[in-house]
Amino acid sequence: MDFHIRSVLHLFIVSSLICSLAGAETSGSVFFIDGQNRQYLRTPSTNDVGQSHSMSPLELGAAVSVLLGFAPPATLSAAGSSKLNEVLLPNPFDRPHTVFMLEVTGVDDLVAPQNGMFSEAFRSKVILNSDEAQIELPDEEVSVFSLDETLADLNDEELSGLASWLGGSYTIDALEPMNGKLIVPVASGTNMNLYVSKKADKEFMASLLALFHNSRRAIEMHEDLSQATQGPAQLIVGRFDGIKALQEQYGHEVVQQGLDVLLATLSKMLDSFQAAYRGQIVGVIVCNEISSPQSGTILDLVSTSRPSARWLAEKVGSNATNATTIAEVALVRKTLAWVTGIILLISTLLGIYLLLNMPLTRDTLLYSNVKLD
């Protein structure tokens, strides 16, 4: 009897572990943030609030491809196409051709009622237990800019500019030069204090500074590309690991302050992008509680070359076969050219002979008004 009870208990524990692992694998969410005039995404209805939408990485990658102006992958199922129809407007001729995609690791959601940017976004769950999806980007038709490039030196000048941009302040300790203090106001009305001397704080500040610095470089790149007659599609992609660094060192209160600072940073970044791109940009914020160390993002970017527009291109074989084929093709072309030339020459001579031997009264062009008997 005791053995039976222990077996049932062990089975229950194993089942609980499996369920918890399955729940951890499926934790994640995505926010689609439309342009200023909401012209690319469907507006979430009030009936969708209580419903639970979900997307796979393949469907998420297909949505990004469509927003960039490319066709979705051929492996997308009919159910996946219907999910895209729930998110995107059906007009294929009206796409932003610019996407800002950021993956935030360490959290599965960024719900903030006081933040209008995320409260009006189209939200969906992301199933992260499937294989990583690939976004196929045609060569020479899309420009990819990464926000992950970190600064070589986290100096006081850069941190002062970040503090001013976030509406905070940065103080320098005269006795210890590497012990600066960054003060950033948060939505709750308090301030978040970050110290350069602390490892977790420094990693969080470095992630914020990378977003701030690289977003300005992305806007400068767009200004250069916009001068072209028909510029390429633009994908601004990055990954933010600052929240994960705070979770490893602090408790819930500090992590929540970090989330508030991140929301304020994303809001300012999107406002800058909207102004620079004139509203023709869509933001895609992916929350991934279980980060993937082997990949920068859950979506793998793959560059592909488009097939040649010349359908009748000659195949390249071995040297002997290729030489024989070229000789045969040259002979056929030369024969056709000679035959065509001879036919045209004979036709021209016959026409001249008949024209010279034609009676004048038979020429209807010269004597069209002459009445013939």
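The lining of the largest pocket divides into 8 nonpolar, 9 polar and 3 charged residues, where Ala, Val, Leu, Ile, Met, Phe, Trp, Tyr, Cys and Pro count as nonpolar, Asp, Glu, Lys and Arg as charged, and the others, Gly among them, as polar. The model is predicted: local features need pLDDT of at least 70 and side-chain atom pairs count only at pLDDT 80 or more, whereas totals for chains, interfaces and linings use all residues. Residues are numbered from 1 along each chain as its sequence is written, and side-chain values use heavy atoms, with hydrogens and water left out.

A pocket here is an open set of points, on a 1 Å grid over the protein atoms alone, where a 1.4 Å probe fits, with protein on both sides within 12 Å along at least five of seven lines; lining residues have an atom within 4 Å of a point. The largest pocket holds about 540 Å³ of space, a volume being the space filled by probe spheres set on the points. Of its 20 lining residues, His97, Thr98, Gly231, Pro232 and Gln234 lie nearest the centre. Helix H6 (199-225) and strand E10 (233-240) each supply at least two residues of this lining; helices (H or I, at least four residues) and strands (E, at least two) are DSSP runs, numbered from the N terminus.

Helix H6 also meets helix H5 (residues 156-165): their axes, lines fitted to C-alpha atoms over the stretch in contact, come within 10 Å and cross at roughly 75 degrees. The two helices are therefore roughly perpendicular to each other, a class that spans 65 to 115 degrees.

Technical notes:
Axes are lines fitted to C-alpha atoms, for helices over the stretch in contact, and angles run from 0 to 180 degrees between N-to-C directions. Angles under 35 degrees count as roughly parallel, over 145 as roughly antiparallel, 65 to 115 as roughly perpendicular and the rest as oblique.
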